[in-house]
Amino acid sequence: MEVILKNLTKKFPSRDRKNRNEVIAVNDFDFTIPDGKLIGLLGPSGCGKSTVLNLISGLLKPTGGRIYFGEDDVTELPPEHRGIGLVFQNYALYPHLTVRQNILFPLENLKGKDKLSREEMLKKADEAAKLVQIDGLMDRKPRELSGGQQQRVAIARALVKRPRVLLLDEPLSNLDARLRLQTREEIRRIQRETKITTIFVTHDQEEAMSISDMIVVMKDGVVQQIGKPQDVYDSPANLFVAKFLGTPPINLFTGQIRNNTLYIGNDAVLQVKDMPDRDVRVGIRPEGFILSDSGVLTCGLNGVEVMGRDISVVSLNDASANPTVRSIVGTENSLSDDTRHKPEGSKVRFDLIPRKVFLFDSLTEERISCEIQQLAAK
Ligand code: ADP
Ligand code: MG
């Protein structure tokens with residue numbers, strides 16, 4: 001089911017007595033969610049993700065704009081008639097009911113022509129339980145399950161009516177790291193198997209990047225960028241998106257364009273095409289640095305950190321907007337003993353990979369699109 005959001009806006013009255021301005025939780029949100037895809041709605045806490053989800057579910061009424069499920073305008077339709085499945089962070093299972101009874105619950109409430117026989121209901125509950133692999137736990141109560149198992153029950157309950165749209169609001173936030181990884185793979189598998197259009201809300205960029213067909217990055221109720229996860233990472237529309245995606249985060253510098261050359265401090269680092277002289281902000285992904293004795297950017301060594309496979313060189317640069325510059329220079333066996341044993345404070349030099357370097361307008365923070373290349377002399 002395609003979901004179309006047209007100029008969707010939600011304003012809340014102010015909760016702050018001193019500041020009477022209303023809160024615009026969702027501002028002119030325009031987006032078509034393609035049929036059968038998994039969309040990651042991503043942004044920091046308070047940016048309006050849950051509000052978007054609750055507008056789609058019908059739990060909230062929009063201040064302006066329309067919502068369509070395919071051809072149907074569902075804007076005025078109450079939640080129970082929209083054909084949605086909802087899963088929340090806190091599972092919200094009925095504690096006194098067994099797993100089977102929890103999953104059956106939405107079916108037992110069907111009325112009129114939708115009403116099912118007991119056998120049909122049990123069959124559907126069994127199917128949903130199998131899909132999320134909890135069919136062996138049907139007679140337990142929620143308190144007899146782990147967090148991950150409880151969340152599976154909640155997902156089964158959301159799926160049992162075969163919803164047109166599945167809405168998940170931070171469903172993994174209460175799980176520990178390992179379960180979070182495992183459950184997100186499960187959600188991906190279930191979504192692929194059922195092909196139900198799914199919107200997955202999270203503040204965790206890695207989570208959204210790893211399972212979504214497309215991500216929508218939000219800030220202050222406004223869509224910043226929509227695209228395939230890798231495309232958004234490789235080509236952020238603005239500084240906010242560039243900073244929000246990626247671990248470790250992107251490194252930021254103040255820079256200048258002079259004679260079609262990009263300078264960081266006094267170092268001429270890259271060539272830019274057809275750009276007037278100006279100040280810019282420079283973002284460099286951690287994997288955009290290559291250690292080299294003749295490198296274009298000189299920094300002061302602050303330390304070498306080994307994290308699992310990756311080696312980070314942590315260094316200092318006067319033009320850096322962050323306290324340190326963090327570069328991932330490869331895997332453990334690729335770092336020379338020489339660099340590894342350099343004393344702190346000694347110079348390290350890097351070449352830069354042009355496609356890992358982005359320029360932003362210092363004021364608007366919008367990306368400046370331009371061709372970036374290695375220096376001619378290199
Ligand atoms: P997120 O899910 O991204 O953390 P929310 O959608 O919950 O963000 O909230 C977006 C903004 O709307 C926040 O500033 C929040 O304080 C405000 N907000 C959410 N619900 C209400 C409400 N019922 N009344 C007033 N303000 C609200
Ligand atoms: Mg929320």
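This is a predicted model: local features need pLDDT of at least 70, side-chain atom pairs count only at pLDDT 80 or more; totals for chains, interfaces and linings use all residues.
A pocket is an open set of grid points, over the protein atoms alone, with protein on both sides within 12 Å along at least five of seven lines.

Three strands, β16 (297–307), β17 (310–316) and β18 (325–331), each contribute at least two residues to the lining of the second largest pocket. Sorted by class, the lining of the second largest pocket consists of three nonpolar, two polar and four charged residues.

The largest pocket has a volume of about 760 Å³. Its lining is made up of 23 residues, and those nearest the centre of the pocket are P79, E80, I84, P106 and K161. At least two lining residues of the largest pocket come from each of β6 (84–87), α2 (99–108) and α4 (147–159). Of the elements, β6 provides the largest share of this lining, with three residues. The classes represented in the lining of the largest pocket are 12 nonpolar, four polar and seven charged residues.

One cavity of 30 Å³ or more was counted. The largest cavity has a volume of about 50 Å³. Around the largest cavity stand L5, F29, F31, I33, I39, L41, V52, I56, I199 and V216. The lining of the largest cavity has 10 nonpolar residues, with no polar and no charged ones. Strands β2 (23–33) and β3 (38–42) and helix α1 (49–57) each supply at least two residues of this lining. The largest share of the lining of the largest cavity, three residues, belongs to β2.

Contacts with oxygen atoms of ligand 1 involve both backbone and side-chain atoms. A backbone N or O atom of G46 is placed 2.6 Å from an oxygen atom of ligand 1. For G48, a polar backbone atom is 3.0 Å from an oxygen atom of the ligand. In K49, a polar side-chain atom lies at 2.9 Å from an oxygen atom of ligand 1. On its own, ligand 1 has 560 Å² of accessible area, and the protein covers 69% of this area.

Strand β2 is also part of a sheet. Four strands, in the order β2-β1-β4-β5, make up this open sheet, and their pairing is antiparallel. Strands β2 and β5 (72–73) lie at the edges, each pairing on one side only. Strand β4 (residues 64–69) is joined to β5 by two bridges, with the two strands running antiparallel. Within this part of the sheet, F69 faces D72 of β5.

Key
Residues are numbered from 1 along each chain as its sequence is written. Chains are lettered from A and ligands numbered from 1 in the order in which they are written. Side-chain values use heavy atoms; hydrogens and water are left out. On a 1 Å grid over the protein atoms alone, a cavity is a set of points where a 1.4 Å probe fits but cannot get out, and a pocket is an open set with protein on both sides within 12 Å along at least five of seven lines; lining residues have an atom within 4 Å of a point. Grid points are joined across faces, edges and corners, and a volume is the space filled by probe spheres set on the points. Ala, Val, Leu, Ile, Met, Phe, Trp, Tyr, Cys and Pro count as nonpolar, Asp, Glu, Lys and Arg as charged, and the others, Gly among them, as polar. A polar contact is a pair of N or O atoms within 3.5 Å; within protein, one must be able to donate a hydrogen and the other to accept it, and residues adjacent in sequence count only if both atoms are side-chain atoms. Accessible areas come from the Shrake-Rupley method with a 1.4 Å probe; for residues, only the protein chains shown count as cover. Two strands pair if DSSP finds at least two bridges between them.
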